[in-house]
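Student: I would like to go through this model with you, one question at a time. Where shall we start?

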2 protein chains.
Amino acid sequence: MINPIGNLNKIFDSRIRLGVMSILMVNEEVSFNDLKQMLELTDGNLASHLSTLEENGFLKVHKGFVGRKTNTTYSITKAGEKAFKGHLAALENMIRSME
Amino acid sequence: MINPIGNLNKIFDSRIRLGVMSILMVNEEVSFNDLKQMLELTDGNLASHLSTLEENGFLKVHKGFVGRKTNTTYSITKAGEKAFKGHLAALENMIRSME
DNA sequence: TAAAGTACTTTGTGAATCAAAGTTACATAT
DNA sequence: ATATGTAACTTTGATTCACAAAGTACTTTA
């Protein structure tokens, strides 16, 4: 592939999905509210990006409780990890030719 | 800034603009047609992204000739270089927390 | 009982993306 | 002189995306 952008993953063109993935690479499980605060998003905006990532099999959802409050957490899947690492590698390749 | 995506530059959310910039970081001057072929784009699509980059002061245009044919080339500006490097640094920061 | 929290979904708007077609200007081939 | 070609766009139109705001269903706390 000569085209330097050909290996970038379209799902990760979105800064928000990029942010979610990078948070989930480092934290085993993160709640909806923590993601919302870390990324400074409205509920709806976060929810829609999370569902895009979920539809693509990049993350999985755990519905649980903290005390008696509902608590939804998200974690990365193997496929998500692979796709994200692939995207980062593509970014690196693109940039490596600059040095 | 705690928000890991807060320092990313919106202009570079686009893979195409990212590609243009990375090519221009490495090549002093690149023609419209070379960019078109490298990035596998239609005329219109490339032209519109180039004008976005130009409007933002990230690249400059040189209209010249090769023999008697018109030849437009593009090169990065100081501001473009700074913005692009800033974006890459923000990406790196975001990713560094993963290691 | 009222207010607030969680995690959404729905709605609506504006912006972005892109291909395709049209345009302008010059060049070359017939 | 006419037709074809190439470069570099601009315009058009359709589709998709992003996002805020409001609405929903359920529970909890004051």
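Student: Which residue in S3(A) stands opposite Lys63(A)?

Tutor: This is a predicted model. In it, S2(A) and S3(A) pair in the antiparallel sense, over 8 bridges. Within S3(A), the residue opposite Lys63(A) is Thr72(A).

Student: What is the strand order of the sheet in chain A?

Tutor: The sheet is open, has 3 strands and is paired antiparallel. Its edge strands are S1 (30–31) and S2 (59–66) of chain A, each of which pairs on one side only. The order is S1-S3-S2.

Student: Which element supplies the largest share of the surface near DNA strand C?

Tutor: Several elements each supply at least two residues of this surface: helices H2 (32–39) and H3 (43–55) and strand S3 (69–76) of chain A, together with helices H1 (15–26) and H3 (43–55) of chain B. The largest share is 4 residues, and the element that supplies it is S3(A).

Student: How far is the polar backbone atom of Thr72(A) from a phosphate oxygen of DNA strand C?

Tutor: Thr72(A) is among the closest of the 18 residues that surround DNA strand C, as are Lys63(A), Asn71(A), Tyr74(A) and Ile16(B). For the backbone atom of Thr72(A) and the phosphate oxygen, the distance is 2.3 Å.

Student: Which side chain of chain B has an N or O atom 3.2 Å from a phosphate oxygen of DNA strand C?

Tutor: On the chain A side, a polar side-chain atom of Asn33(A) lies 3.1 Å from a phosphate oxygen of DNA strand C. On the chain B side, the side chain with an N or O atom at 3.2 Å from a phosphate oxygen belongs to Arg17(B).

Student: How many polar residues does the surface near DNA strand D have?

Tutor: DNA strand D is surrounded by 18 residues, the closest being Ile16(A), Arg68(A), Lys63(B), Thr72(B) and Tyr74(B). By class, 4 residues of the surface are nonpolar and 4 are charged. The number of polar residues is 10.

Student: Which residue has a side-chain N or O atom 3.1 Å from a base nitrogen of DNA strand D?

Tutor: Sugar or phosphate makes up 79% of the atoms of DNA strand D within 4 Å of the protein, and the rest belong to bases. Asn45(A) has a polar side-chain atom 3.5 Å from a sugar or linking oxygen, and His49(A) has a side-chain N or O atom 3.5 Å from a phosphate oxygen. For the base nitrogen, the residue is Asp43(B).

Student: Which residue of S3(B) is the bridge partner of Lys60(B)?

Tutor: In chain B, the open sheet of 3 strands has the order S1-S3-S2, with antiparallel pairing. S1 (30–31) and S2 (59–66) of chain B stand at the edges with a single partner strand each, so one side of each has no neighbour in the sheet. S2(B) and S3(B) pair over 8 bridges, and in S3(B) the bridge partner of Lys60(B) is Ser75(B).

Student: Why is H1(B) described as oblique to H2(B), and what is the handedness of their crossing?

Tutor: H1(B) and H2(B) pack with their axes 11 Å apart, at an angle of about 125°. The crossing of H1(B) and H2(B) is right-handed.

Note on methods:
Residues are numbered from 1 along each chain as its sequence is written. Chains are lettered from A and ligands numbered from 1 in the order in which they are written. This is a predicted model: local features need pLDDT of at least 70, side-chain atom pairs count only at pLDDT 80 or more; totals for chains, interfaces and linings use all residues. Side-chain values use heavy atoms; hydrogens and water are left out. A residue is near a molecule or strand if one of its heavy atoms lies within 4 Å of it. A polar contact is a pair of N or O atoms within 3.5 Å; within protein, one must be able to donate a hydrogen and the other to accept it, and residues adjacent in sequence count only if both atoms are side-chain atoms. Ala, Val, Leu, Ile, Met, Phe, Trp, Tyr, Cys and Pro count as nonpolar, Asp, Glu, Lys and Arg as charged, and the others, Gly among them, as polar. Two strands pair if DSSP finds at least two bridges between them. Axes are lines fitted to C-alpha atoms, for helices over the stretch in contact, and angles run from 0 to 180 degrees between N-to-C directions. A crossing is left-handed if the near helix is turned anticlockwise from the far one by less than a right angle, and right-handed if clockwise.
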